[in-house]
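Try each task before you read its solution.

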Amino acid sequence: MSGRSHVVEVMHGVNLDQLGRRDPQLYGTLTLAELERRIEADAGELGLRTRFFHTNHEGAFVEHLHGLRGQADAVVLNPGAWTHYAWAIRDALEIASLPAVEVHLSDVSRREPWRSTSVIGELCIASIAGRGADGYRDALARLTDELSGTAR
């Protein structure tokens with residue numbers, strides 16, 4: 001993969017298109033479009049290229065994961081509430097077989113008990129929660145290390 005930028009797919013799931021309208025104390029004030037521009041800028045600083053995908057339909061999220069092999073080198077995903085119960089997304093992530101980092105804007109471990117469960121966590125090289133938009137930069141940095149072979 002040398003000689004070209006690594007491509008990271010950033011996948012946003014259910015209700016993330018409502019950022020900017022949803023509780024700003026939990027999710028911040030950025031809209032999804034503003035968040036994606038920030039992620040793209042952060043990725044550029046790290047020498048990565050990004051592609052973005054959002055859906056409120058679980059099947060579309062699964063199908064998109066199915067199509068990632070050969071299109072992306074890694075994935076950052078925030079499935080939203082699907083994180084806690086969508087076993088089909090877990091299976092699709094396993095099928096994609098790409099380095100993945102799970103990101104949540106809010107600290108899901110300090111919220112409702114059901115949010116403490118992640119069906120994708122064991123397949124991810126890292127899970128980042130409660131850092132707001134900065135969590136995406138952290139995820140990109142972790143993937144940069146993974147893709148360059150410098151991960152600890």
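This is a predicted model: local features need pLDDT of at least 70, side-chain atom pairs count only at pLDDT 80 or more; totals for chains, interfaces and linings use all residues.

Residues are numbered from 1 along each chain as its sequence is written, and side-chain values use heavy atoms, with hydrogens and water left out.

**Exercise 1. Find the buried residues of α4 and say where they lie around the helix axis.**

Step 1. Locate α4 at residues 87-96. Helices are DSSP runs of H or I with at least four residues, strands are runs of E with at least two, and both are numbered from the N terminus.

Step 2. Apply the cut-offs: buried means under 20% relative accessible area, exposed over 50%, and partly exposed in between (1.4 Å probe, protein chains only). In α4, Ile89, Arg90, Ala92, Leu93 and Ala96 are buried.

Step 3. Look down the axis of α4. The buried residues fall within an arc of 165 degrees, so they line one face of the helix. The arc is taken from the directions from the helix axis to the C-beta atoms.

Step 4. Check the cover. It includes α3 (58-66), β3 and β4, where contact means heavy atoms within 4.5 Å.

**Exercise 2. Trace the salt bridges of Arg90 to Asp91 and Glu122.**

Step 1. Recall the idea. Side chains of opposite charge can pair when their charged atoms come close. A salt bridge needs a side-chain nitrogen of Lys or Arg within 4 Å of a carboxyl oxygen of Asp or Glu.

Step 2. Take Asp91. Its side chain meets that of Arg90 at 3.7 Å, N to O.

Step 3. Take Glu122. Its salt bridge with Arg90 has the closest N and O atoms 2.6 Å apart. This pair links distant parts of the chain: Arg90 is in helix α4, and Glu122 is in the loop between β4 and β5, 32 residues apart.

Step 4. Arg90 is buried at 12% relative accessibility. Asp91 is partly exposed at 40%, and Glu122 is exposed at 62%.
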